[in-house]
Amino acid sequence: MTAGRVSGKVAVITGAARGIGRAQALRFAQEGADIIGIDLCGPVDTVAVPPSTRGDLAETAARVRAAGGRVVTAVADVRDREQLRAAIDIGTREFGGLDIVCATAGITSRGLAVSLSEKTWRTMLDINLTGVFHTCQVSAPHLIARGGGALILVSSIAGLRGLVGVAHYTAAKHGVVGLMRSLANELAPHRVRVNTVHPTNVDTPLIQNDAVRGAFRPDLDRPPTRAEFADAARRMNMLGVPWVDPIDVANACLFLASDEARYITAATLPIDAGSLQRQGE
């Protein structure tokens, strides 16, 4: 493998089985990093989206190896701090340390705020906010021991503005930004940089399902096709695309993890095709 922007570094990625997490794992491996890939690989009660599987995580590992990278995978739930700690410890022992953390694991579900069940609310915050906190908490000591590193937390455009029908998701993603800002201050003396990325819709199973598609096309009495969803979704984004690809988010995270971003911390980086500006009009 030729030297890359994160050559010789070790990256832990949660939600690595598919979508953004898989794209991060592959992109970081292409640029020289060893990968610790973690995923739940199973269902969540309040989520209608088909879950990732152990086979998905194995496919991510196979693609990393095909790119010339080394990889260790583990099945762990970010809601369980000790389970997550054990998975990260195994990976850091294998590769000798840790330099980069991508807290990517997350879920989506829909419902108006006034009608959300207690379980739906709590599960969203448990995974999308507390799970990120757990990831940061158990990995930060490894970064400090290394003498520095990068924490990259995957938020959303919903972390910077309110969206209809996903108040629980919006609250969690806003919480990720607050967590990032505090951690950036706390960890700066240890040369650990902390930033968030904020994608618009990303072409993954989290949006490519009947529930999300239907929310964009309430005029239809059936789930919209992918093309019908795209027609509505592109109105969100200034650049006129319906969604971005996982690789677009992975590339932004790679930049933040690299020495090219060595003095960037406490930043909120949109990968949104102009969505935040369009919705602010």
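These questions and answers go through cysteines, salt bridges, a helix, a surface patch and some backbone angles in a predicted model.

Me: What kind of model is this, and which pLDDT do side-chain atom pairs need to count?
Reply: Residues are numbered from 1 along each chain as its sequence is written, and side-chain values use heavy atoms, with hydrogens and water left out. The model is predicted; totals for chains, interfaces and linings use all residues, local features need pLDDT of at least 70, and side-chain atom pairs count only at pLDDT 80 or more.

Me: How many disulfides does the model have?
Reply: A disulfide is taken as a pair of cysteine sulfur atoms within 2.5 Å. For C41 the nearest cysteine sulfur belongs to C102, 17 Å away, and C41 is in no disulfide. C136 is in no disulfide either, the sulfur of C102 being its nearest at 11 Å. The count of disulfides is zero.

Me: Is C136 buried or exposed?
Reply: Buried means under 20% relative accessible area, exposed means over 50%, and partly exposed lies in between (1.4 Å probe, protein chains only). The relative accessible area of C136 is 2%, so C136 is buried.

Me: Where is C41, and what is its phi?
Reply: Helices (H or I, at least four residues) and strands (E, at least two) are DSSP runs, numbered from the N terminus. C41 is in the loop between β2 and α2 and counts as buried at 13% relative accessibility. C41 is not a glycine, yet its phi is positive, about 55°.

Me: How many salt bridges are there?
Reply: Side chains of opposite charge can pair when their charged atoms come close. The criterion is a side-chain nitrogen of Lys or Arg within 4 Å of a carboxyl oxygen of Asp or Glu. With that rule the salt bridges number 16.

Me: How many residues apart in sequence are the parts that E31 and R5 tie together?
Reply: E31 and R5 form a salt bridge whose closest N and O atoms are 3.9 Å apart. E31 is buried at 14% relative accessible area, whereas R5 is partly exposed at 31%. E31 lies in the loop between α1 (19-30) and β2 (34-39) and R5 in the segment before β1 (10-14), so the parts tied together are 26 residues apart.

Me: Which residues are joined with R5 and E31 into one network?
Reply: The network is made by salt bridges that share partners. Besides R5 and E31, its members are R27 and E260.

Me: What is the N to O distance in the salt bridge of R70 and D34?
Reply: R70 is in the loop between α2 (54-66) and β3 (71-75) and D34 is in strand β2, so their pairing ties together parts that are 36 residues apart in sequence. R70 is partly exposed at 45% relative accessibility, and D34 is buried at 12%. The N to O distance is 2.7 Å.

Me: Which helix holds both E118 and R122?
Reply: E118 and R122 form a salt bridge, with closest N and O atoms 2.7 Å apart. They are four residues apart, about one turn of the helix, and the helix is α4 (residues 118-146).

Me: Why does the end-to-end distance of α4 agree with expectation, and where is its kink centred?
Reply: The expected span is 1.5 Å times one less than the number of residues. The 29 residues of α4 should therefore span 42 Å, and the end C-alpha atoms are 41 Å apart, which agrees. The bend at a residue is the angle between axes fitted to the seven residues ending there and the seven starting there. The kink in α4 is about 35° and is centred on T130.

Me: What is the phi of the residue that follows α4?
Reply: The residue after α4 is G147. Its phi is positive, near 95°.

Me: Where is A266, and what is its phi?
Reply: A266 sits in the loop between α8 (246-257) and β7 (268-271). At 37% relative accessibility A266 is partly exposed. A266 is not a glycine, but its phi is positive at about 60°.

Me: How far apart in space are N201 and M236, C-alpha to C-alpha?
Reply: N201 lies in the loop between β6 (192-199) and α6 (210-216) and is buried, with a relative accessible area of 13%. N201 and M236 are 35 residues apart in sequence, and their C-alpha separation is 9.0 Å.
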